[in-house]
Every structure is written in structure tokens, then in C-alpha cells.
Amino acid sequence: MTGRRFAVVLLPLLVVLGGVLYLGLGRDPKEIPSPLIGKPLPTVSGVDLQGNPRQLPLVGRPMLINVWASWCSACAVEHPAIIQAARKYSAQVDFVGINYRDNKPDSLRWLTRLGNPYQWSLEDSDGRAGIELGVYGAPESYFVDARGIIVDKKIGPFGGDELDDKLHEIFGITN
């Protein structure tokens, strides 16, 4: 291939590649936008880990929905932050769990050992609730306003004061 032909082929390819790189710079690769942000929480129903029938969304109060599993090491890392936030803010925010693709005995043991910050946890052993919510994996958290609208989503574990900061920012929660 001659130099001129090579340039004719290579130049458009470099322009496209440069554009892709430019658009991707400055973005957090862990941030995956959810098409559900700004939309009503899909109706999700089933039984909780105690066998009681449950349905989301709950309306009337802000809600944090945390997708977790006993097999999820990142869930164990973030769990103390969720417990701490639930202790501080449960009078203002509902804390609901979705036990994702897990088995009930392991889940109950995990909550007994590490503590249970949730008002209840929906049993989602087959992943159907996760499909409705567009879950990529555990842990994931959804911030839902008092009208049942998803206002934000977090993929991955909360660290440090991140959950407190998000509750303050999104819901205007104070200590």
C-alpha cells in the first residue's frame, strides 16, 4: 500500500478513534446510567425472607433499595455503612433489601451474623426483581423519592461517608 493510500485509510480511522476516546474521557467507567432514573419504580412483588407477601414501590417516604446477597463479598464490605445509615435515618427513609440470586438459609445466617438494617428484604432467588430493576449485579442501590420515582442509582459498594452524603444530597436528610 502506498503512503497516500495508507493515509486515506488511516486518517478516518484515527479521527473516529479520537472521537470515541474524547467522549469517554472524564467518565467513571463504573458509572452505568440507568434508563429508570426519573421514572417510577417498576412494580416488584414477592415474599420477603420471613415469608410475608411484599410489593414495591412503597410511596409516601423516600426509600433506599439495596440489592445484596450473602455470596457477595462487596456487599459485606458496604454492609456496615448501610447499618449505620439505617440507624441514623430510618425515621426519615425506608431501607428495603432485595436479596438477589441467593438462597434463604444463607441469607438469614448472613443477616443474623452481620446485622439487619432492612425493614424487610424481598427474596429474589430467581433474579426476576433484579430483571425488572435492570440490576447488573450485587451490590446496587436505588434512591426512590416519596412519590415512587427513582432519582439515583449506585452500582457497587458504598464506602466511607458516601451513603450519608448521598442521602443528604438526594433527599435533604439531616442528622
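Helices (H or I, at least four residues) and strands (E, at least two) are DSSP runs here, numbered from the N terminus, and two strands pair if DSSP finds at least two bridges between them. What you're looking at is a predicted model, so local features need pLDDT of at least 70 and side-chain atom pairs count only at pLDDT 80 or more, while totals for chains, interfaces and linings use all residues. Residues are numbered from 1 along each chain as its sequence is written, and side-chain values use heavy atoms, with hydrogens and water left out.

- Five strands make up an open sheet with mixed pairing, and their order is 5-4-3-6-7.
- At the edges sit strand 5 (120-124) and strand 7, each of which pairs on one side only.
- On average, neighbouring strands of this sheet are turned by 20° against each other, direction ignored; such angles run from 0 to 180 degrees between N-to-C directions, and the axes behind them are lines fitted to C-alpha atoms, for helices over the stretch in contact.
- As a bit of background, strands of a sheet pair through backbone hydrogen bonds, either parallel or antiparallel.

**Who pairs with whom**

- Strand 4 (residues 94-100) runs parallel to strand 5, and five bridges join the two. Tyr100 has Asp124 as its bridge partner in strand 5.
- Strand 3 and strand 6 are paired antiparallel over five bridges, with Met63 standing opposite Val144 of strand 6.
- Strand 6 (residues 140-144) and strand 7 (residues 150-155) are also antiparallel, joined by five bridges. Over in strand 7, Ile155 is the bridge partner of Glu140, and Lys154 is that of Ser141.
- The hairpin of strand 6 and strand 7 has five residues between the strands, and Gly148 in this hairpin takes a positive phi near 90°.

**Strand 6, wrapped up**

- Five of the five residues of strand 6 are buried, so this strand is largely enclosed by the rest of the structure. Buried means under 20% relative accessible area, exposed means over 50%, and partly exposed is in between (1.4 Å probe, protein chains only).
- Both of its faces are covered: Glu140, Tyr142 and Val144 are buried on one side, and Ser141 and Phe143 are buried on the other.
- Helix 5 lies across strand 3 (63-68), strand 4, strand 6 and strand 7, and runs at about 25° to strand 6.

**Helix 2 and its two partners**

- Helix 2 (residues 73-89) meets helix 5 (residues 162-171) with axes that come within 9 Å and cross at roughly 40°. That's why the two helices count as oblique to each other: angles under 35 degrees are roughly parallel, over 145 roughly antiparallel, 65 to 115 roughly perpendicular, and the rest oblique.
- Helix 2 brings Ala81, Ile82, Gln84, Ala85, Lys88 and Tyr89 to this contact, and helix 5 brings Leu163, Asp164, Leu167 and His168. Contact means heavy atoms within 4.5 Å.
- Sorted by class, the contact of helix 2 with helix 5 has six nonpolar, two polar and two charged residues. Ala, Val, Leu, Ile, Met, Phe, Trp, Tyr, Cys and Pro count as nonpolar, Asp, Glu, Lys and Arg as charged, and the others, Gly among them, as polar.
- Helix 2 also packs with helix 3 (residues 104-114), at an angle of about 55° and with the axes 11 Å apart, so helix 2 and helix 3 are oblique to each other.
- From helix 2, Cys75, Ala76, His79 and Ile83 meet Trp110, Leu111 and Leu114 in helix 3. This contact has six nonpolar, one polar and no charged residues.

- Tyr100 is found in strand 4 and counts as buried because its relative accessibility is 10%.
- Tyr100 is in contact with a list of residues beyond four places in sequence, including Val67, Trp68, Ala69, Trp71, Asp124 and Gly127. Its C-alpha atom is 8.5 Å from that of Leu122, which is 22 residues away in sequence.
- Arg101 is in the loop between strand 4 and helix 3 and counts as partly exposed because its relative accessibility is 44%.
- Not counting residues up to four places away in sequence, Arg101 touches Trp71, Asp124, Ser125, Asp126 and Gly127. The C-alpha atoms of Arg101 and Val67 are separated by 9.9 Å, with the two residues 34 apart along the chain.
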